[in-house]
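User: I'm new to reading protein models. Can we go through this one step by step?

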Amino acid sequence: MRWSLGGFRPWLFQRISAVYMLGFLLFFMLAIYSCPPTDYQAWREWFAHPVMWMATAIFFVSLFLHVWVGLRDVILDYLHNVPIRLVVLISLGISLISLTLWVFRALFTVAYL
Amino acid sequence: MRFLIQRFNPETDEKPYLQEYEVEVTPGMMLLDAFKAIKEQDESLAVRYSCGEGVCGSDAMNINGTNGLSCITPLADLKEPVTVHPVPGMPIIRDLIVDMSTFYHQYRAVKPYLIHHDPMPETELLQSPEDRDKLDGLYECILCGCCSTACPSFWWNPDKFRGPAALLQAWRFLADSRDQATALRLDELEGPYRLFRCHTIMNCMNVCPKQLNPTEAIGHIKKLMLKHSI
Ligand code: SF4
């Protein structure tokens, strides 16, 4: 029975998301450097492009899951009081889910409004 | 030569304290020899040792801040005053002797023996020289505990994290061509604690008196898990 937090999957995801985020950030900086969007409209159009939109969405999901795995590790190492640990883990989870929803709201606004 | 040695008798002392000793040093002396000389001045000092030549793994301790075996640590290599503590993170029984129960518990938990499901052959279980070579750097572990007691992750979670020594042995049997319990062993290491509390801090490989590399073994286990998961 797998009732506990995972070990292998979070670890694997931490590696994969790190590679993806590095790639995305390199691409992002390169793009900004080589052909910077000139005005607000250009920014919006850039992010509304389906490929860029998708890549950005994946970036933020990777980021928040990466943060989850990393902070979860710190909590498992240092917080030994079970009720406190549970509260901190749940608050962290709720914060990260809220941040994800907020990012998606922003992304949908860019694409559809 | 000046020595500062941590003393603690749980029956009479409230807190551990450092006691100073002075020993006449002759060339070629090991730290363990100094302890023997100290015991002639003060027989109440408790140190555990047996073989005296780095084979039994009884005399692990923290020497000038680094874990090691006193019997193979030359005094000539040590800065004065030589400060000796018991290995960190373990309950002290007395002076430099610690209770290694959690360490052995974690060792037992990795099933450190061959598991073979097929009927045993009439003669020996054979292994090619190449397969045998894969066990070099793994089987030499003397279970001194220098590595696990130098590992912060083991300090924080000694009851749940297997620790470098036990994980090196887990890999020793996963790497053995005669062992048939790979899936069982990998399953047993899943979860957030047993294997994955390792954050590649690498204190283990720095302190191992046998120059073994538990960090590398842990990396091999993770790679094998990856291979078995996709
Ligand atoms: S791996 Fe090295 S330091 Fe760890 S218990 Fe074995 S011999 Fe001692």
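User: Which backbone oxygen does the side chain of B:His116 reach?

Analyst: A caution first: this is a predicted model. B:His116 lies in the loop between α2 (101-109) and α3 (129-133) of chain B. Beyond its neighbours within four places in sequence, B:His116 is in contact with B:Leu125, B:Arg178 and B:Gln180. At 3.0 Å, its side chain reaches the backbone oxygen of B:Arg178.

User: Where does the ligand sit?

Analyst: Start with the residues around the ligand. They include B:Cys141, B:Cys144, B:Cys146, B:Cys147 and B:Cys208. Also among them are B:Pro209 and B:Lys210. The ligand sits in the largest cavity.

User: How many nonpolar residues are in the shell around the ligand?

Analyst: Sort the shell by class. One residue is polar and one is charged. Cysteine, leucine and proline count as nonpolar, and B:Leu168 and B:Pro209 are among the residues around the ligand. The number of nonpolar residues in the shell is 10.

User: What is phi of B:Met202?

Analyst: B:Met202 is placed in the loop between α6 (182-189) and α7 (203-207) of chain B. Its phi is positive, and B:Met202 is a residue other than glycine. The value is near 70°.

User: What is omega of the cis peptide bond that joins B:Glu80 and B:Pro81?

Analyst: Find B:Pro81 in the loop between β4 (66-69) and β5 (82-85) of chain B. The cis bond joins this proline to B:Glu80. Omega is about -10°.

User: What distance separates the centres of domain 1 and domain 2 of chain B?

Analyst: Chain B is divided into domain 1 (2-98) and domain 2 (101-229). The two are in contact: 14 residues of domain 1 with 13 residues of domain 2. Taken over C-alpha atoms, their centres are separated by 29 Å.

How values were computed. Residues are numbered from 1 along each chain as its sequence is written. Chains are lettered from A and ligands numbered from 1 in the order in which they are written. This is a predicted model: local features need pLDDT of at least 70, side-chain atom pairs count only at pLDDT 80 or more; totals for chains, interfaces and linings use all residues. Side-chain values use heavy atoms; hydrogens and water are left out. Helices (H or I, at least four residues) and strands (E, at least two) are DSSP runs, numbered from the N terminus. A polar contact is a pair of N or O atoms within 3.5 Å; within protein, one must be able to donate a hydrogen and the other to accept it, and residues adjacent in sequence count only if both atoms are side-chain atoms. Contact means heavy atoms within 4.5 Å. A residue is near a molecule or strand if one of its heavy atoms lies within 4 Å of it. On a 1 Å grid over the protein atoms alone, a cavity is a set of points where a 1.4 Å probe fits but cannot get out, and a pocket is an open set with protein on both sides within 12 Å along at least five of seven lines; lining residues have an atom within 4 Å of a point. A molecule sits in a cavity or pocket if more than half of its atoms lie within 2 Å of its grid points. Domain bounds come from an automatic or database domain assignment.
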